[in-house]
Amino acid sequence: MTALVTGGTGGIGFHIAAKLRAAGQTVLITGRDADRGQAAADRLGATFLPADHSTLLGQQRLAQLVRDRAAQLSVLVNNVGGAAYATRTVTAEGHEAILALNYLGPVALAQALLPILAPDAAVVQVVSSAFTMHTADPFTEPAAYTAIGAYARAKQLNLLATLHLARLRPQAAVNAVNPGMAWTPGLEALTPEAVPAWRYVWPIVRFFQRRAAPEKAARGPAALAMAPDLSGRYYEEGRPRPLPSRLLDPEWQRRAWDEVTLAMG
């Protein structure tokens, strides 16, 4: 069995990969830094694949690397994400950067890997409870930008697309999961400007963030990757959680999936 864990060179992704390796799976991990990536792969007994997750082209190239190494993929854990752009940033492909990293990219990778996903594959999309913060139309970018607002919208779109994938692959176990807070490089890169509401309590927020263990946060995604019992669900703290009724609309879910297909050209 072969598993792909994006962002598996550190933080939550590293610990997910470690749990999959301990279960006897062949594991591929991704990252941007070749030296750090190879060091992590050596520690895990995994294979490192260099990847630029910030662009759709980078995701297409990664998908080709995976297809070159695996005839079939049993597990896909889309773990990469973050909200470190305090000011609105646009990728070389013209996409808002947080949207590209947290929604367009992960879904594009899943689409590109569909031909080699095992019929009963486990697909785990790592999202965040922040999706509940976005209550407007997810398909329209708000006029006023904040990093946390962009992140909430992107994770909501990712969740919608994941639920559509679950219907496309009824034999697979396709789920979204909020792993919980963890002190990772992505979280460390956050600034008070990225989350304006926390500005005046920033030292307190950082106190608790620094004490959040990535290994603990990895347990939920790893469990869904290795022994899923349901599909088409959103998980938090190890249990499926109900979603707002508007996010259960099959047309919204299909549109979130199709928007990525269109962006891929």
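Guide: Buried means under 20% relative accessible area, exposed means over 50%, and partly exposed lies in between, with a 1.4 Å probe and protein chains only. Helices (H or I, at least four residues) and strands (E, at least two) are DSSP runs, numbered from the N terminus. This is a predicted model, in which local features need pLDDT of at least 70 and side-chain atom pairs count only at pLDDT 80 or more, while totals for chains, interfaces and linings use all residues. Residues are numbered from 1 along each chain as its sequence is written, and side-chain values use heavy atoms, with hydrogens and water left out.

Visitor: Which residues of H1 are buried?
Guide: Under the cut-off of 20% relative accessible area, part of H1 is listed as buried, and those residues pack against strand E1 (2–5), strand E2 (26–31), helix H2 (34–44), strand E4 (73–78) and helix H8 (214–226). Contact here means heavy atoms within 4.5 Å. The buried residues of H1 are Gly11, Ile12, Gly13, Phe14, Ile16, Ala17 and Leu20.

Visitor: Is Arg21 buried, partly exposed or exposed?
Guide: Arg21 has its place in helix H1, and, leaving aside neighbours within four places in sequence, Arg21 is in contact with Thr26, Val27, Leu44, Gly45 and Ala46. Its relative accessible area is 29%, so Arg21 counts as partly exposed.

Visitor: At what angle do the axes of helix H3 and helix H4 cross?
Guide: Two packed helices are described by the angle between their axes and the distance between the axes. Axes are lines fitted to C-alpha atoms, for helices over the stretch in contact, and angles run from 0 to 180 degrees between N-to-C directions. The axes of helix H3 (residues 56–69) and helix H4 (residues 97–113) come within 9 Å, and they cross at roughly 35°.

Visitor: Which residues of H4 does H3 meet?
Guide: On the H3 side the contact involves Leu56, Gln59, Leu62, Ala63, Val66 and Arg67. Their partners in H4 are Leu104, Gly105, Pro106, Ala108, Leu109, Ala112 and Leu113.

Visitor: How many residues of H5 are buried?
Guide: H5 has 22 residues and reaches 31 Å from its first C-alpha to its last, close to the 32 Å expected at 1.5 Å a residue. H5 is mostly covered, and the number of buried residues among its 22 is 19.

Visitor: Which residues does Ala172 touch?
Guide: Ala172 lies in the loop between helix H5 (147–168) and strand E6 (173–178), and with a relative accessible area of 6% Ala172 is buried. Not counting residues up to four places away in sequence, Ala172 touches Pro119, Asp120, Ala121 and Ser231.

Visitor: With which residues is Trp202 in contact?
Guide: Trp202 is found in helix H7 (residues 202–209), and at 13% relative accessibility Trp202 counts as buried. Leaving aside neighbours within four places in sequence, its contacts are Leu190, Thr191 and Pro192.

Visitor: What phi does Glu237 have?
Guide: Glu237 is found in the loop between strand E7 (233–236) and strand E8 (239–241), where Glu237 counts as exposed at 62% relative accessibility. Most residues other than glycine have a negative phi. Although Glu237 is not a glycine, its phi is positive, at about 55°.

Visitor: What is the radius of gyration of the protein?
Guide: The protein has nine helices and eight strands. The radius of gyration is taken over C-alpha atoms, and the globule rule is 2.2 Å times the number of residues to the power 0.38. That rule gives 18 Å for 265 residues, and the protein is close to this value, so it is as compact as a globular protein of that length, with a radius of gyration of 17 Å.

Notes
The expected span of a helix is 1.5 Å times one less than its number of residues.
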